[in-house]
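Open the model in your viewer and colour it by chain. This tour goes from one pair of chains to the next and says what to select at each stop.

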Number of protein chains: 6
Amino acid sequence: MTAADQNHTRPDGRAVDELRPITITRGWSRQAEGSALIEFGNTRVLCTASFTEGVPRWLKGEGTGWVTAEYAMLPRATDSRSTRESIKGKIGGRTHEISRLIGRSLRAVIDMDALGENTIVLDCDVLDADGGTRTASITGAYVALVEAVEWARREGHVKREAKVLKDSVSAISVGIVDGVPVLDLPYVEDVKAETDMNVVVTGSGDFVEVQGTAEGAPFRREELDTLLDLALSGTAELAQIQAETLRGERA
Amino acid sequence: MTAADQNHTRPDGRAVDELRPITITRGWSRQAEGSALIEFGNTRVLCTASFTEGVPRWLKGEGTGWVTAEYAMLPRATDSRSTRESIKGKIGGRTHEISRLIGRSLRAVIDMDALGENTIVLDCDVLDADGGTRTASITGAYVALVEAVEWARREGHVKREAKVLKDSVSAISVGIVDGVPVLDLPYVEDVKAETDMNVVVTGSGDFVEVQGTAEGAPFRREELDTLLDLALSGTAELAQIQAETLRGERA
Amino acid sequence: MTAADQNHTRPDGRAVDELRPITITRGWSRQAEGSALIEFGNTRVLCTASFTEGVPRWLKGEGTGWVTAEYAMLPRATDSRSTRESIKGKIGGRTHEISRLIGRSLRAVIDMDALGENTIVLDCDVLDADGGTRTASITGAYVALVEAVEWARREGHVKREAKVLKDSVSAISVGIVDGVPVLDLPYVEDVKAETDMNVVVTGSGDFVEVQGTAEGAPFRREELDTLLDLALSGTAELAQIQAETLRGERA
Amino acid sequence: MTAADQNHTRPDGRAVDELRPITITRGWSRQAEGSALIEFGNTRVLCTASFTEGVPRWLKGEGTGWVTAEYAMLPRATDSRSTRESIKGKIGGRTHEISRLIGRSLRAVIDMDALGENTIVLDCDVLDADGGTRTASITGAYVALVEAVEWARREGHVKREAKVLKDSVSAISVGIVDGVPVLDLPYVEDVKAETDMNVVVTGSGDFVEVQGTAEGAPFRREELDTLLDLALSGTAELAQIQAETLRGERA
Amino acid sequence: MTAADQNHTRPDGRAVDELRPITITRGWSRQAEGSALIEFGNTRVLCTASFTEGVPRWLKGEGTGWVTAEYAMLPRATDSRSTRESIKGKIGGRTHEISRLIGRSLRAVIDMDALGENTIVLDCDVLDADGGTRTASITGAYVALVEAVEWARREGHVKREAKVLKDSVSAISVGIVDGVPVLDLPYVEDVKAETDMNVVVTGSGDFVEVQGTAEGAPFRREELDTLLDLALSGTAELAQIQAETLRGERA
Amino acid sequence: MTAADQNHTRPDGRAVDELRPITITRGWSRQAEGSALIEFGNTRVLCTASFTEGVPRWLKGEGTGWVTAEYAMLPRATDSRSTRESIKGKIGGRTHEISRLIGRSLRAVIDMDALGENTIVLDCDVLDADGGTRTASITGAYVALVEAVEWARREGHVKREAKVLKDSVSAISVGIVDGVPVLDLPYVEDVKAETDMNVVVTGSGDFVEVQGTAEGAPFRREELDTLLDLALSGTAELAQIQAETLRGERA
């Protein structure tokens, strides 16, 4: 990061490598086996984890579990109301893409054998969208997932000693705005970013997903490197917040 | 109400004619022109009102406005996860029915000429379902609607002096459980009710909708009368809570 | 009913509490286990009852039966042609709502244990629509249902002594037109009704469904009472016509 | 036709070249601009013709009209109930195929310039299906079409002197059953026919459509010739019945 | 054929009874059990045959096999791009109709008992469309089918001695253009044909399907006869090309 | 790359940094404005570019053009037949995701102002799938796009001097298989890759898209770097092949 970047003024006054205020409210949903309401600034996503015994037909008898995710936005999570996908009668490409990303990200830290023939579905419903909804979803879904696994252990659906979660996982967006690489973009930065990247990282600091897109000009190798540095610092911080939340050390 | 009814013990200890704790949080959604998070006990519904200029094609040039509603449940608002209607690719009959009911109920208190050629869409998304989601939706949507009309007046989309809202409107469920007529049924009472009725009433105490259904045995004329009495007492209370909320007299 | 109401002139010259000419033709369909072509004035609905052994998966092994209904309109049952729902690729809200109403109404008079693990599907296809199609459907479907149950008894699918039908059921529309409560509204009255109510009543005179809607001004308790009186007189007459039809005492 | 064929016994006792009893009831539908209930033995099809001013977008400004058709079956027109296509959410191949056939058949006798920029939609709804529903549909739809054209002439939508109909059109099924060519197959013959052919013929005796299908063994040129002879005799008779019906010479 | 017909000049200079250059490339697809890329002039269709053990549920335990077909066009097989049916979310009537025709045509030459409880799906994807795509599909699909049956015999899925194919099958279009009957119409002739006929014929010269349609004026019996003569000469030639291709006598 | 990696034996004998044989056949489709059949080893994709005047409604009057893409697989492009998405009635998530990726990749090298109010749709239909279908699609679609732009210039739809293409673009897959980073994975390597990355790069060597996914274990920063090196060497080679193809220097 150059000195110039350090002087870059962001719309909300944050430093280029600073996260928005992060809040994770565990157990927000009364009915789900696991749940978390996660906030990245104004972005609010309700993540629930639904645990059921059994697996989809194509996995039966394999002795391993399944974890999948569905992402959706409330119609008025955005500035102007969008038509419900249930009304349109079909799921849009963006929704599909994000649901698949969330599912892959969480499967990366699950030991499916330890989970046994059980299924966990993660629902991430965006109540308020201000950029970074997919990375907030992954970060919050991890907390809901941990709760659901704990529930399953208490209820005897998975063995007491089974190490179902191999690591934690969180995600953050980074991007190049007005030529400056920045961390955790709100909507106003997102729409003008030349490059937009979502990075999913384990608690150990390894990559699960790197999805970088040139929205404007193609990006150079050095820019890519800087963005990855920013992302790793952000996900390290998120991993700590997740851990504190799960230990009950945060409100 | 007979003395016997007065002694009837409800699962949550309420009197037969007592509402669950009602909470209405105005302005819960940052982006909508009007919004309210309404709670009837554990039932939580996020109601947003989206105001747009213009009307559907079939109303163009009539000089009158349009108000419509869409109801939906988050997949894990219920005890066991339900498949999203967007995934199924079609809206179920129950969803259609409730969306239409909410729309009709709010149109009953709107002066469409005073609204002018503008459209308000009410979205009622159930975050947690414990019975009475449709009546909570109507009651909360009214508050969101008032906010949206106020917004439109401030922004000059409707005339300062136009009396867009002719009255307030709220709704409550009543039913016969174990032979006893009761007010505001949570899920555990709802599933065992012999008769289930949803009643929509204006602030002046007139009926907008009366929908009574014999789930078990058909109901007698006297039972219907008792249920209507209960409903009118409940909606009177709700109308007062709405008014206090809108005057800012409640937290 | 006031003297003024008695003097009210209806478009077709009927008294306010007078049904349109009712015709029920049993066995109209050659192939169904039960069928009736019912006419309420110009409104014509073909009701068929299809009996099949077995029940939907979620009922298997319970020892009880299932009755459900589907309502539809031919595209040119109405004044201007409507697009087929099969072409649209989805069922509209109104169709869903009416199908569900018909199903609930008939289930209210069926003893599901006596029916055994058998399913009866009632199809109500409107050939000509002049108001009151849902109430004609219920009234006609009951006759088709009786035929199907008799067929099932003859064929040995239900026990000879089983009392499958607990009561009869019929339905009628009532409404307030130009301030006057009237019975059995044809289309021209229906479109201008301030209040529209559909009432489903057993042969014993108890309520199965009461669905009242303020299309214009909300309605008062006294108006509701008058409408219910009208409805009960209408359904009593319909119950008699059903009985005579089933005894073969009507052409 | 051989002597042996003449001795062939059909399930309903008809001669091999004999039509079932044909009944055409004009004006069966109160609301459509043209309508006919047509019966070929037990097969009953309600045909309505809906006239509207204007044409689909791709024809606008060409000065010519449009005629199209939609075919459907009521769910219980058949021996066992079939699922509604509206419920399935899609039109089946058979329905598409028959709708297209009916539309082409009627367009063949319409002078689109004489019709002017107007559209006629023919709906053929099968109330009872006993074989030959597509040919009954075409034959009945022609009568409904004539009525709609007459209506349009009376109402001034087409010029008084315009010769909109160039000829009449009717259709019949023929087939080879147990090696014997027969005319107008009911369901019991249809299912066992080795070859099945539907032939659409103008009043002048020219072909509009010939659709022959080997259901079992392929058919020889001579068999094809015999089937065409049978079909031409059948359609000649149908053309006469249509003419008598339209002149009011039949009940 | 008259002398005048012989002098008729076709856009591509062919004689009225002359096929376009026909090319069949066997085994074009690396993965399918059988495949052929067939070209009728510019028309190119990729036909694949997929063999799977087992049959659809409704055929299970009958000991007989099943053959079905699906036809589709690439979006830019035509002069202007057409919207994909997958994007539209539904299959069009034309696609359904042609898929069904291909399936019926091939089933006509298959001995389902000899095939045993196995299924073959024929996919005919039009890569370039210049008229006659359905007849090219049938002709090419037959070659793919033979390959798949040979594969199944080699792999032991059908008995070595089983005579699965009873005959060969091919198809050609014929039509009346400017009053002259012609064989194998490319797009430019097809759009102006007064009559259009597709004829499916076995190697033995018997008919499987005859589908003639008057696009303009109805056609006379003599015209039909001439068209059938043309079609039989074309399919005889195609049958020879198929046989040579399968014997490896053509490049 | 370590010496160990150099010794890694791939299923097809290639070096770890070696592309499969690449073939691009320009102008394969007779009807499209631009087209290319591209082969990466056994993977074969037909890419067509359809040019139309005008833009989608939301872009009208902006003076800029639009480029979009649709990806699909023939049902038997794969080892076992997959159901057509047109039959399913909906587009799958994977298809959506890839279509969006191709569209974004090509838009990155288009100057939309220079294109003017014109639309180019790229269709990438996979005829044979052996891994890398999305990267082959992007690489081939670029060639089709160039042809369509040249066509539009010749036809006067874009200005002679307009520099519509800012750069070339190609794409390649890289991955970690058995711990070894490799370039251009065929299906057999793809299914066992621990990490799978698709990289889209301009002719100048800058990134348009980087999409890396840990299918098994998360990947380390150094692994990511090695994969990017491999990808850049591959895309440099592809860019040269594209250029030679467009200059007509390759067969």
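Two residues are in contact here when they have heavy atoms within 4.5 Å. The model you are looking at is predicted.

**Stop 1: chains A and B**

Select chain B and chain A. With that cut-off, 35 residues of chain B are in contact with 35 residues of chain A. How much area is buried between chain B and chain A? The figure is about 3,000 Å², and carbon and sulfur atoms give 46% of it.

**Stop 2**

Two copies of a chain are related by a rotation about an axis and a shift along it. To superpose chain B on chain A takes a rotation of 180° with 0.0 Å of shift along the axis, and the RMSD is 0.0 Å. The two copies are therefore related as by a two-fold rotation axis. Now select B:Ser86. Of the residues of chain B, B:Ser86 comes closest to this rotation axis, with its C-alpha at 1.8 Å. Both copies use the same surface, since 100% of the contact residues of chain B recur in chain A.

**Stop 3: charges and polar contacts**

Show the side chains of B:Arg84 and A:Asp125. They meet in a salt bridge, 2.9 Å from N to O. How many salt bridges are counted between chain B and chain A? The count is 14. Polar contacts between chain B and chain A come to 28 residue pairs, with both residues at pLDDT 80 or more.

**Stop 4: what chain B brings to chain A**

Stay on the side of chain B that touches chain A and select, in chain B, strand S3 (43-53), strand S4 (66-73), helix H2 (85-88) and strand S5 (118-128); these are the elements that give two or more residues to this side. The largest share, six residues, comes from S5(B). Colour this side of chain B by class: it has 14 nonpolar, eight polar and 13 charged residues.

**Stop 5: chains B and C**

A rotation of 180° with 0.0 Å of shift along its axis superposes chain B on chain C, with an RMSD of 0.0 Å. Which C-alpha of chain B is nearest this axis? It is that of B:Gln211, 2.2 Å from the axis. The copies meet through the same surface, because 100% of the interface residues of chain B are also interface residues in chain C.

**Stop 6: pairs without contact**

Select chain B and chain E. No contact joins them, and their closest C-alpha atoms lie 11 Å apart. Then select chain C and chain F: no contact joins these chains, whose closest C-alpha atoms lie 11 Å apart.

Definitions and conventions: Residues are numbered from 1 along each chain as its sequence is written. Chains are lettered from A and ligands numbered from 1 in the order in which they are written. This is a predicted model: local features need pLDDT of at least 70, side-chain atom pairs count only at pLDDT 80 or more; totals for chains, interfaces and linings use all residues. Side-chain values use heavy atoms; hydrogens and water are left out. Copies are superposed by least squares on the C-alpha atoms of residues with pLDDT of at least 70 in both. Buried area is the accessible area (1.4 Å probe) that two parts lose on being put together, summed over both. A salt bridge is a side-chain nitrogen of Lys or Arg within 4 Å of a carboxyl oxygen of Asp or Glu. A polar contact is a pair of N or O atoms within 3.5 Å; within protein, one must be able to donate a hydrogen and the other to accept it, and residues adjacent in sequence count only if both atoms are side-chain atoms. Helices (H or I, at least four residues) and strands (E, at least two) are DSSP runs, numbered from the N terminus. Ala, Val, Leu, Ile, Met, Phe, Trp, Tyr, Cys and Pro count as nonpolar, Asp, Glu, Lys and Arg as charged, and the others, Gly among them, as polar.
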